[in-house]
Amino acid sequence: MLDPSGPTRTRMRAAGRATTLAVTTAALVTGAGLPVLATAQAESIAPKRIGSAPVAPKDAVKTAAPADSTELDLSITLQPKDQVALTAFVSAVSTPGSPLYKHYLGTGEFGKRFGADPATVASVRAALTAAGLHPGELGANGLTIPVKATVAEAKKAFDTDFAGYKLADGTATYANTQAPSVRGDLAGRIAGVVGLDTTSTYKPRSVVKSKAAIKGSAAGSEQARNIGASPQLCADWKNILSSNNMVDGRDYYSSGALAQAYNLNGIADGASGSTIAILSLENYDTRAAAAWQACNGTKTSVSNVSVDGFVNQAPDYQNGEGGETALDVDTIASLAPGASILVYQGPNTAQGVYDTYQKIVNDNRAQVVSISWGRCEAERDSGRENALNLVLQQAAAQGQSVVAAAGDAGSTDCRGSGLGNDNVLSTDSPASQPYVTGIGGTSHTGLGTYPGPISVWNRNGGSGGGGLSTRWALSDTDFAWNAQHAAEYANVCGAAAGQSCRQVPDVSALADPATGYLIFTNYDANNSLWANVYGGTSAAAPLWAALVALANSSTDCAANGPVGYLNPILRKLDSSVFNDVTLGNNDVSASGKYSALAGYDLATGLGSPKGKAVMAALCQQLPSQPAGTYNPVSPDRLLDTRFGTGAPTAKVPARGTLNLQVAGRGGVPASGVNAVVLNVTVAGTTAAGYLTAWPSGKARPDSSNLNWSAGRDVPNLVTVPVGADGKVSLFNGGWSGSVDLVADVFGYYSADANGSTLTPAGPSRLLDTRYGTGAPQAKLGGKQTLDLQIPGSGVTAVVLNTTVTGTDNGGYLTVWPAGETRPSSSNLNWVKGQTVPNLVVVPVGADGKVSIYNGASASIDVLADVFGYFTKDASGGKFHNAGPKRLMDTRSGKGAPAPAALTNGKVVHLSLNDGGALASATSVVLNVTVTDTTSSGYLNAWPGNTTRPGSSNLNWDTKGQTIANLVTVPVNNGVVDLALTSPGSANVIVDLFGYYSAN
């Protein structure tokens, strides 16, 4: 069975409220029923207001107040038990060079470690209840208490009135007229109260090109693409756009042109294994998103996650609904087609927005979060901003990268707001939040990599947001670039000595709608598909989200975890990885402008990305993984659950894990081991299942190493990193049925300079007893040994794919260095009639030979194909752990031309260019699995774009088989080829486990 998942402003209180406040008896104000024993105590519980009252939108019309019976869903966000410790932890896990760098918190750990003190939770809950409110259970983050209330109850408990408003679109809303008041001794423990108003909606940070939308009669036919090739717009839509006199790179950017512009084209797996969350506050047309992918040849997984009961319905596109989310989905699917996209959809209210943030972070399913919605920072209730800040700190602690659009109103983000001053300098929230990476906007035109000149986006009434936060201060030691303008600009945030105000944006990308992003927006009532060109910083944000996801899935990053909180890393990158924007400014109101300057500036931040260079630089900040040389050992049995070797005499139960000690056993040193080479065999199977091997102490990956059906013994070679405790973990992925596990060690990798390096070879056939290749033309007799001469001199070990066929009964095969005692281990196991392959990495005897023993009682044919030689040559390939990472899965179309099984003779060119070190690989270690087989057959893997060899890597006898084999295959110009030989078809899954390179 193959695992299907694969492996601050405070407003003045209204007149006449003082008397009400003085006589209020609600528990939140007077003390939750506690007796007032002295004047000092009375003063300590005197009510205090937290946060600020919301600012109604400029176009809102005041209406009747909401009825007292109106039901409210609120959130009380508490302060963490130790804010100093939380801040220090986030800094430590996010700062290269720190001992805790990349030691992120797992899902559910934040609340246990940094949640509110239990006494605080109890006190606040008691006070809420005594005030007539209805608190729920503490949230997963340990900070949030949901509260049910009516308007009448909230008025009394929080000492505030409510006003009604009608927004420009006709929506009826309401808002509290004053900041909520709480008991004085609890005020310092509460970060904010969210949900008292529904006027505080977010706005999409996108701009539609002034030209009319273009419609077509169809999505365009689905097109295939080579693995590793960038998406390209289908011919149907190219023709439609051309007929409307629209030129790629002049009037719009297609998916392929955008990838080329940012040097993100041709990345092999397209962020396979990464998940990106999109915060959405609207309906969008999922059919149009699917049509976009069909036209561009992508198969990105897109799923909607409902928050607070949100149901995605047909969007009202005529009123502007759906375009923002379509822009986010289409951009990410184009640039990171291997990623999974989760569209978190919540109501566009204060509570809905906050709950959507919380859901994304508490779920912790996405390593990257893209936000294209925002609001003028000065309009935001300070209590709500404080609550959001804690959610974003949790994201940083968990290693989630959060990117957000910096706004489309330049340096004056509050234009059109309820503050009434369109010329005030301001930034956009959440981009101004310190744990968010704010994305500004640029303009450019033309095709090719880094088309120029690049300038600040500032035309047609819009400009990339930027400036100084009025709320948040940062230490200059944490964010070096914030010191640049500390003396030049006013201290608008009240920063203390040694600090400066948070500066936005951090980085930028194309946002100009005049040459913006082509997307499919919606189908109309006549079933015509509409396309449009969008811009705005909400286009630049998903571009950066895709780039970070590509970095996370690259070989350089995958072994250590996601990039995480970006800002501390960005400040360490060399300026050469950015296009430094020095043209233009972001002033749109003539009240104050921030000019583009050399280096960091408040118009475009550090500049726009040079895609693969930024990816590599982000990953190079990770702890380095030493290259390993190979050290062969005489095969030795480390584990056999049948007899209690290396483990208790007991089978491994279904869904059970066995931790096997490998360091210090079987010739493997007790320390300094990077990875170990094991031949793992499953026996005594009563149901289908799969096995996963990974380093002890790390999360189990979504991959498999071998697969079996009931009643079969199945072996496979495994190259697996060793955990810090010297162990590897072995997982029985079957849903039923215990199994026996056998593991034989054949060698290990370490940084020892005296070890061997790999010289790729072939593949070429050294042995085939059917035709007399490498041996007499005769089967290998039962219980007999054959000595195979390995060509070359100085060979310490050889990589062979061995296959047995012509089996008349069950048996096993053992391969070991000639001249030594045959070990009590096996490399292949079979039952009557099977053809079985398995990779072996076996030491070579002093005479240059390896011995092959047939453990069956009947004769068999044996084939051996060489894939490489280990020698002491210092120029050979050294081993690097990588993955496990899924490169291809024809079942879903991941990394493949389409979700279609391979058929006879079809050659698949698998690109290994992931934007990282894998591009320099000389050989790769892949676990290749075939499943859903409709007939017998075999599969080849060989260096890309070369003649297909007469060898095989996997063989299967009957339909319905699932079989896996480890493959060490030479690489040619970054490509490996695969092909099937069969009268039927099969799905193929390829997982990367490591690679060899000269450095």
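In this predicted model, Ser952 touches Arg765, Asn801, Thr803, Asp865, Tyr938, Leu939 and Asn940, leaving aside residues up to four places away in sequence. Ser952 itself belongs to the loop between β51 (937-943) and β52 (954-956). Its relative accessibility is 5%, and because buried means under 20%, Ser952 counts as buried. The side chain of Ser952 also makes a polar contact, at 3.3 Å, with the side chain of Asn955.

Thr515 is placed in the loop between β26 (507-510) and β27 (517-523). With a relative accessible area of 4%, Thr515 is buried. Residues up to four places away in sequence not being counted, Thr515 touches Arg250, Asp251, Tyr252, Tyr253, His444, Thr445 and Leu510. The C-alpha atoms of Thr515 and Tyr534 are separated by 8.5 Å, and these two residues stand 19 residues apart along the chain.

Is Gly819 buried or exposed? Gly819 is found in the loop between β42 (811-817) and β43 (828-830). At 82% relative accessibility, and because exposed means over 50%, Gly819 counts as exposed.

The backbone deserves attention next. Most residues other than glycine have a negative phi, and most peptide bonds are trans. Against that background, a cis peptide bond joins Val504 and Pro505, with omega about 0°. Pro505 is found in the loop between β25 (499-504) and β26. A cis peptide bond also joins Gly762 and Pro763, where omega is about 5°. Pro763 has its place in strand β39 (residues 757-768).

Positive phi values can be examined in the same way. Asn364 is not a glycine, yet its phi is positive, at about 55°. Asn364 lies in the loop between α13 (350-363) and β16 (368-371), and at 18% relative accessibility it counts as buried. Asn527, a residue other than glycine, has a positive phi near 65°. Asn527 is found in the loop between β27 and β28 (529-535). With a relative accessible area of 45%, Asn527 is partly exposed.

Why is helix α18 (residues 611-620) described as largely enclosed by the rest of the structure? Eight of its 10 residues are buried, and α18 is therefore largely enclosed. The buried residues of α18 are Gly611, Lys612, Val614, Met615, Ala616, Ala617, Leu618 and Cys619. What covers these buried residues includes α15 (537-553), α16 (555-558), α17 (567-570), β29 (578-579) and β30 (608-609).

Rolling a probe the size of a water molecule over the atoms shows where empty space is left. The second largest pocket holds about 1,300 Å³ of space. This pocket is lined by 44 residues, of which Thr201, Tyr202, Lys203, Pro204 and Asn348 are the closest to its centre. The elements that give two or more residues to the lining are β7 (172-176), β10 (203-204) and β17 (373-376). The largest share of the lining, three residues, comes from β17.

Finally, the chain may be viewed as a whole. The secondary structure of the protein chain comes to 18 helices and 55 strands. Of the 999 residues in the protein chain, 62% are buried. The protein chain exposes about 33,200 Å², and carbon and sulfur atoms supply 50% of that area.

Key: Residues are numbered from 1 along each chain as its sequence is written. This is a predicted model: local features need pLDDT of at least 70, side-chain atom pairs count only at pLDDT 80 or more; totals for chains, interfaces and linings use all residues. Side-chain values use heavy atoms; hydrogens and water are left out. Helices (H or I, at least four residues) and strands (E, at least two) are DSSP runs, numbered from the N terminus. Buried means under 20% relative accessible area, exposed over 50%, partly exposed in between (1.4 Å probe, protein chains only). A polar contact is a pair of N or O atoms within 3.5 Å; within protein, one must be able to donate a hydrogen and the other to accept it, and residues adjacent in sequence count only if both atoms are side-chain atoms. Contact means heavy atoms within 4.5 Å. Accessible areas come from the Shrake-Rupley method with a 1.4 Å probe; for residues, only the protein chains shown count as cover. On a 1 Å grid over the protein atoms alone, a cavity is a set of points where a 1.4 Å probe fits but cannot get out, and a pocket is an open set with protein on both sides within 12 Å along at least five of seven lines; lining residues have an atom within 4 Å of a point. Grid points are joined across faces, edges and corners, and a volume is the space filled by probe spheres set on the points.
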